Amino acid sequence: MDFTWTEEDAAYRARIRAFLERELPDTWPDIARHGPGSAEQTAFSLDFCPKLAEAGLLIPHWPEEWGGAARPAWEHFILGEELWRAGEPRGAQYMNVNWIGPVLMKYGSPEQKARYLPEMAQGRAIWCQGFSEPNAGSDLASLRTRAVRDGADYVINGQKIWTSYAALAGTCFLLAQTGDAGGGRSGIAIFLVPMDTPGIEVRAIPSLIGHGDIHEVFFTDVRVPASARVGEEGEGWAIISYGLANERVGIPRYEMASHELDRMVAELKARGQFGDSVVRSRAAAAGAACEAARLQVYRVVDGRARNLAPGSDSNLARVAVVTAEHAVTDFGMDFLPDCFSGTDHPSFLSHHERAIVTGIAAGAAEIQLNLVARRHLNLPKGA
Amino acid sequence: MRFEPNDSQATFAGVLGQMLAAPQAGFQAVPDWGRFDYGDRLDRQLAENGFFDAATEDDLGPVAAALMVHNVARAAVCVECAASALVRPFLGREVPRPLAVVVDDAPGAIRYLPQARGLVSITADAVHYADLPEGAVTRVDSLYAYPMGTVDRAALDWQRLDADPARLRALWQVAVAAELAGLLGAGTEAVIEHVSQRHQFGQPLGAFQGIQHRLATAAVEIDGARLQALRAAQSGGIGDAAAALGYAQGIATRIGYDLHQFMGAMGMTLEHPLHRWTYRARLLRADMGGSAASYLAYADARWGAA
Ligand SMILES: Cc1cc2nc3c(=O)[nH]c(=O)nc-3n(C[C@H](O)[C@H](O)[C@H](O)COP(=O)(O)OP(=O)(O)OC[C@H]3O[C@@H](n4cnc5c(N)ncnc54)[C@H](O)[C@@H]3O)c2cc1C
């Protein structure tokens with residue numbers, strides 16, 4: 001067991017930090033103020049990701065065939081930590097490099113790979129993920145959007161909701177039922193749908209968590225060629241399970257939270273308010289919660305690096321991350337209330353504004369607890 | 001970053017696991033309903049096989065020692081392991097074991113004192129050691145499922161050791177954190193077994209989501225405590241050690257109550273082992289000033305002075 005970084009890892013992290021230091025403009029905190037889905041951050045990402053690509057820092061873990069350098073899982077992870085810590089200058093494009101690209105490499109047709117992977121590798125593609133529906137949230141398999149075969153095409157009808165980045169995305173990674181309505185997991189297939197296809201309507205949902213984050217997407221007689229389907233009919237569930245297992249731990253929120261905590265402490269020190277034992281002890285409690293989450297996430301990455309089959313470790317990690325994120329947010333609110341009630345501290349605000357989604361987006365914390373109970377603790381099922 | 005034990009650590013843990021699975025490490029009620037059962041045989045086995053020297057062996061190291069403290073704490077019997085595994089090897093001289101430790105001259109009874117042959121005192125600026133002469137210790141009947149005792153500390157023959165008090169304190173924090181994580185984990189397992197078997201309202205108690213979520217939350221936190229203790233053992237960081245202990249102590253209260261809650265009245269009996277873990281945990285959660293004090297130490301290490 002070794003919980004320290006190798007020299008190469010530390011040098012890699014330093015290289016990313018230096019790159020960000022150099023390339024992020026002074027106005028970055030304002031650009032990032034409204035989150036990865038905002039028009040500002042999306043536009044920025046289309047300029048910034050090509051620079052990352054040029055420096056070999058966009059898809060280092062992808063195979064060489066698709067423009068990557070086949071670097072180890074840990075490097076990809078360190079990269080994610082550093083970019084999220086900086087406020088995620090990749091905007092929505094983190095999804096492409098983390099899992100959409102890898103899913104296409106494994107399951108996409110040669111035509112799909114040739115069409116989509118190069119632009120992802122260049123940092124010029126914005127995607128959205130069309131999974132959730134009004135009546136299919138945690139119980140995703142009950143989704144009802146239908147894709148009906150019509151000759152060489154499919155015709156798609158239905159509605160998605162909570163779709164991040166939809167208004168600015170070029171392509172949607174869509175789940176739909178090709179079998180009977182209500183066909184459950186076995187009827188799901190995946191389609192890659194250009195967002196400018198006639199019949200798609202996107203409506204932004206005003207929200208608590210930044211600009212341009214969540215949307216409704218309506219599909220009315222949307223016609224796509226059968227070549228837009230990834231894998232076979234009925235294979236969709238297995239494919240997204242692979243894709244999300246590849247992602248496993250999601251956004252390294254403990255790193256963002258821990259970084260915000262350091263900034264909060266710096267602010268309290270500057271104000272001469274970090275001498276009080278209550279404040280110090282609470283800061284440390286939040287810090288330790290971040291460290292617990294960090295180690296639990298690292299264990300998942302370690303498993304991935306060693307090609308172990310995904311297990312319940314990622315469920316534990318996700319719960320720990322929620323606790324850590326909330327501990328930091330609450331600390332800030334308690335001891336720096338003015339930073340959250342005004343607009344003078346954009347980075348505190350943007351972190352605080354989005355921290356509330358931690359236990360909901362990408363799967364509710366309670367679902368993770370159910371999985372910990374079943375898969376990790378082997379607790380019995382109900383009658 | 002590597003979570004997998006090396007070959008020596010894996011072998012070490014495997015052999016330790018066999019010793020801990022033997023009947024002598026398991027639960028037996030103690031005559032006159034004593035609250036603890038000192039594992040003499042396990043203690044001897046560990047000592048004879050050199051397990052208490054793991055921390056200073058290159059391919060094992062403090063992380064293996066911390067893992068041992070954690071795993072030994074999971075036994076229903078108790079054995080003085082924390083001080084022997086993580087403090088004794090770093091005192092700069094040979095001292096006998098079992099060993100007891102007192103920090104910052106904390107008043108009151110000290111765990112393992114009745115078994116101990118020596119007492120280590122860690123204060124802010126020094127580490128001292130004293131042999132415990134025959135008859136010096138007075139046993140205390142304690143609630144806490146440890147053998148406990150008091151000694152007239154002023155009457156002991158203290159010797160100042162050439163050891164860094166900050167490092168020793170950190171090692172002891174790691175030891176207590178690892179022990180606490182082991183106790184809470186073993187208590188949780190006992191409760192899981194119970195709620196998986198006991199039916200009420202036509203189904204196992206453990207199928208109720210209200211119970212599942214609290215146990216799952218506990219499992220997540222205990223896992224976080226265990227990993228932090230192991231990392232602190234390996235890194236030797238003062239801040240890591242304090243964070244690990246503050247975290248473990250911080251989660252112990254609610255988890256301890258939940259474990260008893262789900263065991264119902266059965267958990268009140270001395271015929272069931274749950275108290276062996278929860279009552280030891282109760283004592284450790286208050287050790288060295290408890291969670292808030294441990295967190296203050298972490299704040300000092302991470303952010304420095306105000
Ligand atoms: C900011 C944000 C961005 C998102 N982006 C996307 C996106 O890009 N694409 C996409 O497809 N989706 C997206 N989502 C949707 C997200 O995946 C869902 O919100 C999530 O899966 C939960 O579904 P739901 O909101 O319908 O809640 P529901 O399923 O209605 O559940 C509500 C609450 O009930 C509880 N609950 C539900 N089931 C159980 C159970 N079995 N046991 C115990 N408690 C339970 C949980 O507390 C849960 O939070 C996003 C959500 C947010 C908040």
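Q: How many bridges join strand E3 of chain A to strand E7 of chain A?
A: In this predicted model, eight bridges join strand E3 (residues 153–161) of chain A to strand E7 (residues 215–225) of chain A, and the two strands run antiparallel.

Q: Which residue is the bridge partner of A:Gln159 in E7(A)?
A: The bridge partner of A:Gln159 is A:Phe218.

Q: And how many bridges join strand E6 of chain A to E7(A)?
A: Five bridges connect strand E6 (residues 200–204) of chain A with E7(A), and this pair is also antiparallel. Within E7(A), A:His215 stands opposite A:Ala204.

Q: What do strands of a sheet pair through?
A: They pair through backbone hydrogen bonds, in either a parallel or an antiparallel arrangement.

Q: Turning to the ligand, how many residues surround it, and which are the closest?
A: The ligand is surrounded by 20 residues, and the closest are A:Gln129, A:Ser132, A:Ser138, A:Trp162 and A:Glu366.

Q: Why is the site described as shared between chains?
A: The site is shared because the residues that surround the ligand come from chains A and B.

Q: Which atoms of A:Ser132 and A:Glu366 are involved?
A: For A:Ser132, a polar backbone atom is 2.7 Å from an oxygen atom of the ligand. For A:Glu366, a polar side-chain atom lies 2.7 Å from an oxygen atom of the ligand.

Q: What about B:Gln209?
A: An N or O atom in the side chain of B:Gln209 is 2.9 Å from a nitrogen atom of the ligand.

Q: How does the shell around the ligand divide by class?
A: The shell has ten nonpolar residues, nine polar residues and one charged residue.

Q: Which helix gives the largest share of that shell?
A: Helix H13 (residues 365–376) of chain A gives the largest share, with three residues.

Q: Which domains does chain A have?
A: The domain assignment of chain A gives domain 1 (7–125), domain 2 (128–234) and domain 3 (252–376). The shell around the ligand draws at least three residues from each of domain 2 and domain 3 of chain A.

Q: How far apart are the C-alpha centres of domain 2 and domain 3 of chain A?
A: The C-alpha centres of these two domains lie 31 Å apart. Four residues from domain 2 of chain A and six residues from domain 3 of chain A take part in the contact.

Q: Moving to chain B, what is the strand order in the open sheet of four strands?
A: The order is E1-E3-E4-E7 (chain B), and the pairing is mixed. Strand E1 (99–103) and strand E7 (159–160) of chain B stand at the edges with a single partner strand each, so one side of each has no neighbour in the sheet.

Q: How do strand E3 and strand E4 of chain B pair?
A: Strand E3 (residues 118–122) and strand E4 (residues 127–131) of chain B pair in the antiparallel sense over five bridges. In E4(B), B:Tyr129 stands opposite B:Val120.

Q: And what is the order in the open sheet of three strands?
A: That sheet has the order E2-E6-E5 (chain B), with antiparallel pairing. Its edge strands are strand E2 (110–111) and strand E5 (137–140) of chain B, each of which pairs on one side only.

Q: How many bridges are there between E2(B) and strand E6 of chain B?
A: E2(B) pairs with strand E6 (residues 148–151) of chain B over two bridges, in the antiparallel sense. In E6(B), B:Gly149 is the bridge partner of B:Ile110.

Methods: Residues are numbered from 1 along each chain as its sequence is written. Chains are lettered from A and ligands numbered from 1 in the order in which they are written. This is a predicted model: local features need pLDDT of at least 70, side-chain atom pairs count only at pLDDT 80 or more; totals for chains, interfaces and linings use all residues. Side-chain values use heavy atoms; hydrogens and water are left out. Two strands pair if DSSP finds at least two bridges between them. A residue is near a molecule or strand if one of its heavy atoms lies within 4 Å of it. A polar contact is a pair of N or O atoms within 3.5 Å; within protein, one must be able to donate a hydrogen and the other to accept it, and residues adjacent in sequence count only if both atoms are side-chain atoms. Ala, Val, Leu, Ile, Met, Phe, Trp, Tyr, Cys and Pro count as nonpolar, Asp, Glu, Lys and Arg as charged, and the others, Gly among them, as polar. Domain bounds come from an automatic or database domain assignment. Contact means heavy atoms within 4.5 Å.
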